[in-house]
Structures are given as structure tokens and as C-alpha cells.
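Please read this walk-through with the model open beside you.

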Amino acid sequence: MHTRRVEYRGFQRDDGLWDIEGELHDSKPHAFEIEGEGRWAPDEAIHHMLIRVTVDHTLVVRDVAVAMDSHPHAPCPQAMAPMQRMIGTRMGGGWRQAIERHLGGIQGCTHLRELLYNMATAAFQTLSEVAFATPSDGSKPPVHLGKCLAWDFDGPVTEKVYPMFFRWRPPSPDAAHEPLEQAADRAHPVADAR
């Protein structure tokens, strides 16, 4: 009754940035009509939307380009301009919340948001040498450890690939903390916790 195709591609650019592209295509195998809006032939695109997000090596969004080649309602293209709000956002922890904050509800388009959600995963895979690297000081595990069954800190894959983080545990939040460094805003100095 319905086919949705979603595809992601990632490329390194000549300027050292990366382009992550997402494409969504919806169609039906039969004629389809939305009363007052239009009629679509079998297999004709109801939605055909594309996003290209440009990121740097830290997965910070540097640019966003959007196209809506097919859409069912006249106002749909108005959702493209707000996509620029994602510039400066980092693909990582909190990515979905950032999408909802900048593009949620009537601020954006459901289909464009859906494409954006998984662009972070495509970016992570595209920049795998960077994303999977151990921080240079070796003090923290790569960000993907502890995020799925295969990358369990106590699992055999972590033991083989990252033996230095096998059975690693984050520092206890109850541990005594050193006082925070002076805040950049000198009008609000950080109190000494001692």
C-alpha cells in the first residue's frame, strides 16, 4: 500500500569538510488522491525530499541545503528555510532534542525531521576514523562505547578493539570535585567549593 525509501550518503569534500546527504521518497503502487490538494499516479512521488548537511571533523553543522522535489501541500516548502537553524548544532548527544527545539511541531516538517534524526548516524559512519578514534590523552573512551550491545564496556568486542577501556566505568558523580575554574564571565565568579 505504501513504499518509503530512505537513503543516506556521506562524502569528504576537498576543503576538509564532509557532506552528509539524506533522501526520502514516498509513493504508492496505486493512484492516490488528497481531496482538494492533488492526485498522484501509481508509483509517483508524493514526498521526495533531500537534505545535505555539511559538518566539520567535530560533527558541528556548518551548512544545510534542502530540496522538496515533490510534496503534497502548497505550504510544505515553507519548512525548508527553518532548517538553517541547525547550523552550529553538533551531531552527537542531544541531536534529536536540538532538532525538536529548532524544528519541532509547526516550526518544521515531519519528513525533514525524520531525515535529520538519522543523519547523525550516517555522519558518524562517514567520519568513522575520527568518530571511532580514542581521544589523544586516552582518558576518555570513544563516544560509541557503551551505546549498544556490541560496544558494551564489559563485552568481548570492547576487550579486543579497545582493551584499555574494557570494564571501564565513568567517574562516580559522588566523588569529590575540585572547584570549577573561574567563569569566563567575571561578573559571576565561581564560588570555591572547599
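Is R167 buried or exposed? R167 is exposed, because its relative accessible area is 57%. Here buried means under 20% relative accessible area, exposed means over 50%, and partly exposed lies in between, with a 1.4 Å probe and protein chains only. R167 sits in the segment after α4. Its phi is positive, about 65°, although R167 is not a glycine. Most residues other than glycine have a negative phi.

A word on the source. This is a predicted model, in which local features need pLDDT of at least 70, side-chain atom pairs count only at pLDDT 80 or more, and totals for chains, interfaces and linings use all residues. Residues are numbered from 1 along each chain as its sequence is written, and side-chain values use heavy atoms, with hydrogens and water left out.

Now the whole chain. The protein chain holds 4 helices and 6 strands. Helices (H or I, at least four residues) and strands (E, at least two) are DSSP runs, numbered from the N terminus. Read from the N terminus, the order is β-β-β-β-β-β-α-α-α-α. The chain has 194 residues, and 33% of them count as buried. It exposes about 12200 Å², and carbon and sulfur atoms supply 53% of that area. Accessible areas come from the Shrake-Rupley method with a 1.4 Å probe; for residues, only the protein chains shown count as cover. A contact means heavy atoms within 4.5 Å. Among contacts between residues at least 6 apart in sequence, 42% join residues at least 24 apart.

Next, the sheet. It is open, has 4 strands in the order β1-β2-β5-β6, and its pairing is antiparallel. β1 (3-12) and β6 stand at the edges with a single partner strand each, so one side of each has no neighbour in the sheet. From one strand to the next, the twist averages 10°. Helix α2 (residues 110-126) packs on the sheet and touches β1, β2, β5 and β6. The direction of α2 makes about 140° with that of β2. Axes are lines fitted to C-alpha atoms, for helices over the stretch in contact, and angles run from 0 to 180 degrees between N-to-C directions.

Look at β5 and β6. Strand β5 (residues 47-55) and strand β6 (residues 61-70) run antiparallel and are joined by 8 bridges. Two strands pair if DSSP finds at least two bridges between them. M49 has M68 in β6 as its bridge partner. V53 stands opposite V64 in β6. Strands of a sheet pair through backbone hydrogen bonds, either parallel or antiparallel.

β5 and β6 form a hairpin with 5 residues between them. L59 lies in that loop. L59 has a positive phi of about 70°, although it is not a glycine. L59 counts as buried because its relative accessibility is 8%.

Which residues does S27 touch, leaving out those up to four places away in sequence? They are H2, T3, D43, E44 and I46. S27 belongs to strand β2 (residues 18-27). S27 counts as buried because its relative accessibility is 5%.

Finish in helix α4 (residues 156-161), where V161 is found. V161 is partly exposed, because its relative accessible area is 46%. The C-alpha atoms of V161 and W151 are separated by 9.6 Å, and the two residues are 10 residues apart along the chain.
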